[in-house]
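Here is a briefing on one protein structure. Please look at the sequence and the model first.

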Amino acid sequence: MEDWRTYDGVAATYERIHAQRVMEPARDLVALADPPNGGRVLDVGTGTGVAAEAARERINPGGLVVGADISLPMLEQGRRARPSVRLVVAEVIDLPFPDGAFDAVVGNFVVTHFTKYETALFDMIRVLRPGGRLALSAWADGVDDLTKTWLEIVESVVGPGMLQDVRSQAAPWAERFRDRSFIEEVLLGAGLKHVRTEQREYRFQYALDEYVEGLQTWTSGRFVRSMLGEGGWERLHAQAREVFADRFSDPVNDFRDVWLAVGTKT
């Protein structure tokens, strides 16, 4: 049985529905890291390689970009979609690279998932050369009408208490990293200098059915699908389509706020 906390079972859906939409914040994140032409960039928690591809676009062909992730299904999707990006299986808390190997390290929407983010940051900084930059992104927004509607549907099945526990298992630091001061304190505490954060707003547009289908990649979606099984999930999915069609226009405009943060290794 697949572990619902991972993206293994939803890799194809993630790539088809979400990957190109998160490319815009990925490009902004890489720009903040500002790797040199011909430089070396590591994308941790790369998933299907979106931020790695953004880094490859920014540096010239003489550079090196590596995307690292522990999910084989996500990497397999990335290899099919982005064959020119180098993707490797690797734990972020034990990166298989020497000290100072990269000019820039980026992590696109991944830091909140680490059980011990301090340990992950230590290794990310270890493989960064002195003067190189570490750049991270995290969701900054709260609960909007789209999210509220989905949570109402899910909580009718699992209850709000269980759902809170689910979130804490899959993304234990999601709420803390919505706080700008917390992000800055974390990066400064990790020994980085010249730390700065920026908040950006993005608009992701989906066909309504596509948006609802993409909910299965969310933490709550992965859990409830695992709990209900395929038959129960299909019934819940059909209910969600009806509710969203009644409440929202088609296409759906999903406005999301994102923190972008960067610091320099001394």
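Predicted model: local features only at pLDDT ≥ 70, side-chain atom pairs only at ≥ 80, totals over all residues.

Residues are numbered from 1 along each chain as its sequence is written, and side-chain values use heavy atoms, leaving out hydrogens and water.

**Sheet**

- An open sheet is built from 7 strands in the order E3-E2-E1-E4-E5-E7-E6, with mixed pairing.
- Strand E3 (86-89) and strand E6 (193-206) stand at the edges with a single partner strand each, so one side of each has no neighbour in the sheet.
- From one strand to the next, the twist averages 20°.
- Strands E1 (residues 40-44) and E2 (residues 64-69) run parallel and are joined by 5 bridges.
- Val 41 has Val 65 in E2 as its bridge partner.
- Strands pair if DSSP finds at least two bridges between them.
- Helices (H or I, at least four residues) and strands (E, at least two) are DSSP runs, numbered from the N terminus.

**Helix H4**

- Helix H4 (residues 72-81) lies across E2 and E3, at about 170° to E3.
- Axes are lines fitted to C-alpha atoms, for helices over the stretch in contact, and angles run from 0 to 180 degrees between N-to-C directions.
- The buried residues of H4 are Met 74, Leu 75, Gln 77 and Gly 78; buried means under 20% relative accessible area, with a 1.4 Å probe and protein chains only.
- Seen down the H4 axis, these residues fall within an arc of 160°, so they line one face of the helix. The arc is that of the directions from the helix axis to the C-beta atoms.
- They pack against helix H1 (11-18), E2 and E3; contact means heavy atoms within 4.5 Å.

**Nonpolar cores**

- The largest nonpolar core has 55 residues, and Trp 150, Tyr 211 and Phe 244 have the most contacts inside it.
- Another core, of 34 residues, lies apart from it and includes Ala 101 and Val 127.
- A nonpolar core is a set of buried Ala, Val, Leu, Ile, Met, Phe, Trp, Tyr and Cys residues joined through side-chain atoms within 4.5 Å.

**Val 22**

- Val 22 sits in the loop between H1 and helix H2 (23-33).
- Its relative accessibility is 8%, so Val 22 counts as buried.
- Not counting residues up to four places away in sequence, Val 22 touches Tyr 14, Val 50 and Asn 108.

Note on methods
Buried < 20%, exposed > 50% of the residue type's maximum accessible area, 1.4 Å probe, protein only.
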